[in-house]
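The sequence and structure are shown below.

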Amino acid sequence: NRIPAPNPSPEQALIQQEMRQTVNHAIMSLPLHHREMIVLRDINDFSYEEIAKICACETGTVKSRIARARDALRDILKNAGITDWDD
């Protein structure tokens with residue numbers, strides 16, 4: 001069981017909000033085919049099999065596309081100065 005984190009300080013809340021905005025902007029800057037994979041898997045939590053059906057492709061293709069999309073997102077965030085985040 002996880003113990004709920006205490007409410008963040010106003011400064012921590014602002015930092016978290018800015019980080020979320022940066023991540024959202026980074027996702028939106030991805031090419032459509034990468035953005036689609038990130039949104040379906042990491043935001044909407046669809047399984048690889050569900051994404052394969054949605055995108056009419058093989059599960060292996062979905063896995064490789066997600067890996068490439070995550071690499072691209074990581075690069076964008078690294079260039080923005082974000083190397084690690086919790087959320």
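## Overall architecture

Along the sequence, the chain follows the pattern α-α-α-α. Its secondary structure comprises four helices and zero strands, where helices (H or I, at least four residues) and strands (E, at least two) are DSSP runs numbered from the N terminus. Of the 87 residues in the chain, 22% count as buried; buried means under 20% relative accessible area, exposed over 50%, and partly exposed in between (1.4 Å probe, protein chains only). Among contacts with a separation of 6 or more, 50% are between residues 24 or more positions apart, a contact being heavy atoms within 4.5 Å.

The model is predicted, so local features need pLDDT of at least 70 and side-chain atom pairs count only at pLDDT 80 or more, while totals for chains, interfaces and linings use all residues. Residues are numbered from 1 along each chain as its sequence is written, and side-chain values use heavy atoms, with hydrogens and water left out.

## Helix α4

Helix α4 spans residues 59–79, 21 residues in number, and reaches 30 Å from its first C-alpha to its last. This is close to the 30 Å expected at 1.5 Å a residue, the expected span being 1.5 Å times one less than the number of residues.

Within α4, the residues Val62, Ile66, Ala69, Leu73 and Leu77 are buried. Seen down the helix axis, the buried residues of α4 fall within an arc of 70° and so line one face of the helix; the arc is that of the directions from the helix axis to the C-beta atoms. Their cover includes α1 (10–29), α2 (32–43) and α3 (48–55). The face of α4 turned away from the buried side carries the exposed residues Lys78 and Asn79. Just after α4, Gly81 takes a positive phi of about 90°.

## Packing of α1 against α4

Helices α1 and α4 pack at an angle of about 130°, with their axes 10 Å apart. This makes α1 oblique to α4, given that angles under 35 degrees count as roughly parallel, over 145 as roughly antiparallel, 65 to 115 as roughly perpendicular and the rest as oblique. Axes are lines fitted to C-alpha atoms, for helices over the stretch in contact, and angles run from 0 to 180 degrees between N-to-C directions.

Thr22, Val23, Ala26, Ile27 and Ser29 of α1 meet Leu73, Ile76 and Leu77 of α4.

His34 lies in helix α2 and is buried, with a relative accessible area of 13%. Apart from neighbours within four places in sequence, His34 is in contact with Arg65, Arg68, Ala69 and Ala72.
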